[in-house]
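Dear colleague,

Please find below the structure that I am handing over to you. My findings follow directly after it.

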Amino acid sequence: MPELVVTVSQLNEYIGRKIGSDAMLKNIKVRGEITNFRTSSSGSAFFTLKDAFSSISCILFDYFEEGIEDGRNVTVEANLNVYEREGRLSLVVRSIENTGLGALFIKLEQVKKKLNEEGLFDVSHKKKLPAFPKTLGVVTSASGAAMHDIIQVAKRRCPGINILIYPARVQGEGAPSEIIAGIEYFNREKNADVLIVGRGGGSFEDLFAFNEEAVARAVYASHIPVVSAVGHEVDYTLTDLAADMRAPTPSAAAEICVPEKEELRRMLYGLKEKMGSTAAAYVLTRKSALNALKAVIMVYSPLNRLSDFRNDFKSYERLFNTSLNALLREKRNKLNLSKSLLGALNPYDTLKRGYAIVKKEDGHVASNIRSINAGEKVSIYLYGGMADANIGKITVNGEAYEEKI
Amino acid sequence: MKKKFEESLDELKEIAAKLESGNLELDEAILLYEKGMKIVRECEKQLDDAETSVKVIGLSAGKGGDDE
C-alpha cells in the first residue's frame with residue numbers, strides 16, 4: 001500500500017468532516033468541573049471543562065446563566081466542533097446545568113482548612129524580609145516572562161544584587177517536585193538571602209502546582225524568607241498563604257524583595273548626619289561648660305593675683321616716686337633756705353656793712369676783747385681786704401684792761 | 001565574616017539613639033561615634049558594589065520551559 005501524504009489543512013478538514021458526521025458528537029451531554037471561566041464583551045463565555053485527568057475547551061454563546069464560575073460542577077449539552085486552523089476541539093455549549101462545586105475545588109478547600117489548622121498560614125511564623133539582600137534566589141521557569149521581569153526590576157532597583165535562578169517547571173506533571181527541589185536547594189546551599197517562588201499569570205489549572213500541599217509545606221519549612229509571586233486574579237494559592245509575603249506578580253515580588261539602593265543610601269546618610277550632629281553636640285556642650293568653668297577659675301587664678309601685685313607694686317612705685325620727689329624737693333628747699341640763711345651768717349658778708357674782723361697772729365678770730373693784749377700784732381679784715389695792725393691801749397667797757405690782770 | 005546590612009543598620013540606629021540620649025561620657029560618645037562611622041563606611045562600601053550577576057543554576061538547566 002502506497003504511503004499517503006496529506007497537508008495539515010487536509011488533515012484538519014478530514015478530522016472536521018469525520019467528527020461532523022458523527023451523530024453522537026452532535027448532541028452530547030458532558031459532565032465536568034468549570035475552570036478558567038471568562039466572558040467576552042460580546043456576551044459569550046469561554047471556559048474549560050475538566051475532571052481529574054482531562055480537560056476540554058468550551059464556548060457558550062449568549063451567556064446568561066447565573067452561578068456559573070470556576071469550581072462548579074456542571075453538565076453541558078453541546079456539540080463537538082473542530083477549529084480547523086489549529087486542529088483544536090471545543091464544545092459549543094447549548095445549555096448548562098449547575099450540579100454543584102467541583103471535586104478538585106472541594107479538595108483544595110479541605111487541604112486549605114487542614115493546613116490552616118496546622119498553623120502553616122500563621123502570621124506569627126512569617127519571617128521578616130532582609131533589608132538589603134545580597135543574593136536573590138528565584139524558583140521559576142527559565143523561559144517565562146516571570147524570570148525576565150524579576151531580573152529587570154531587581155537590577156533597576158539595586159544594581160549590584162546577585163540573582164540566582166533555579167529553573168523549575170511551574171505547571172504540568174513534575175512541576176511541584178521541581179519547585180520543592182528549588183526551595184530545598186537554596187535552603188541546603190544557604191546561598192540566597194530571600195526567595196521568590198512563582199510564575200506569571202495562569203488559569204486555575206496552570207496554578208495547580210502552587211496549590212499542592214507539598215509545595216506549601218516546602219515554602220513553610222524554608223529557613224530563607226519566601227515571597228510568592230503567583231500571578232492570578234482571585235483566590236490565593238496555598239503557596240501564597242504559606243509564603244512569608246505574597247506578591248500579585250513576579251515584578252511586584254522583586255519590588256518587595258529588593259530595596260531601592262538610593263533609599264538605603266538616604267537612610268544611611270540620615271543616620272550618619274544624626275550621629276554626627278549628636279556627637280558634635282557632645283563636644284560643643286562640654287566645650288561651653290569648660291569655657292564657663294575656665295572663666296570662673298580665671299577669676300581665682302594666682303596669675304590674676306600676680307598681676308594685682310604688679311599693679312599694686314606699680315602704684316606703690318608711683319607713690320614712692322612722688323613722695324621721694326616731694327621729699328627731695330623739700331630737702332632742696334630747706335637746703336636753699338639754709339644756704340641763704342648761711343649766706344646771711346657769713347661773717348665776711350658783715351664786712352660789707354662796715355664791720356671788721358680781727359684775727360690774731362695764730363689765725364684765731366679775736367671775738368672777745370679779753371682775747372687780745374696791748375702791743376699784740378693782729379690782722380684787721382675789712383670789706384675788700386686786710387690790714388696789719390698793733391694793738392694799742394685796751395679798754396674793757398670803759399676800764400683799762402691791763403689793770404685788771 | 002561580614003555583618004548583614006540590616007544588622008549594621010540596627011546597630012547604627014542604636015548608636016544614634018544612644019548618642020541622642022545625651023547621657024554618655026564624652027570619650028564614650030566619641031568612641032561610639034567613631035564606631036558608627038566605621039559601620040557607615042562599611043555599609044556604603046556594600047552599596048557601592050554595582051556588579052550585578054545573574055546565574056542560572058546548572059543542576060537543572062534545560063528544565064522548566066513551559067511557563068505561559
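In this predicted model, 36 residues of chain B are in contact with 42 residues of chain A (contact: C-beta atoms, placed from the backbone, within 7 Å). On the side of chain B that touches chain A, helix 1, helix 2 (26–48) and strand 1 (53–56) each supply at least two residues; helices (H or I, at least four residues) and strands (E, at least two) are DSSP runs, numbered from the N terminus. That side divides into 18 nonpolar, six polar and 12 charged residues (nonpolar: Ala, Val, Leu, Ile, Met, Phe, Trp, Tyr, Cys and Pro; charged: Asp, Glu, Lys and Arg; polar: the others, Gly among them).

Helix 9 of chain A (residues 261–299) packs with helix 1 of chain B (residues 5–21) at an angle of about 25°, their axes being 9 Å apart. Axes are lines fitted to C-alpha atoms, for helices over the stretch in contact, and angles run from 0 to 180 degrees between N-to-C directions. The two helices are therefore roughly parallel to each other (angles under 35 degrees; over 145 is roughly antiparallel, 65 to 115 roughly perpendicular and the rest oblique). Residues of helix 9 of chain A, including L271(A) and M275(A), meet residues of helix 1 of chain B, including L12(B) and L19(B). By class, this contact has seven nonpolar, one polar and three charged residues.

Residues are numbered from 1 along each chain as its sequence is written, and chains are lettered from A and ligands numbered from 1 in the order in which they are written. Local features need pLDDT of at least 70 and side-chain atom pairs count only at pLDDT 80 or more, while totals for chains, interfaces and linings use all residues.

Yours sincerely

Terms used: Contact = placed C-beta atoms within 7 Å.
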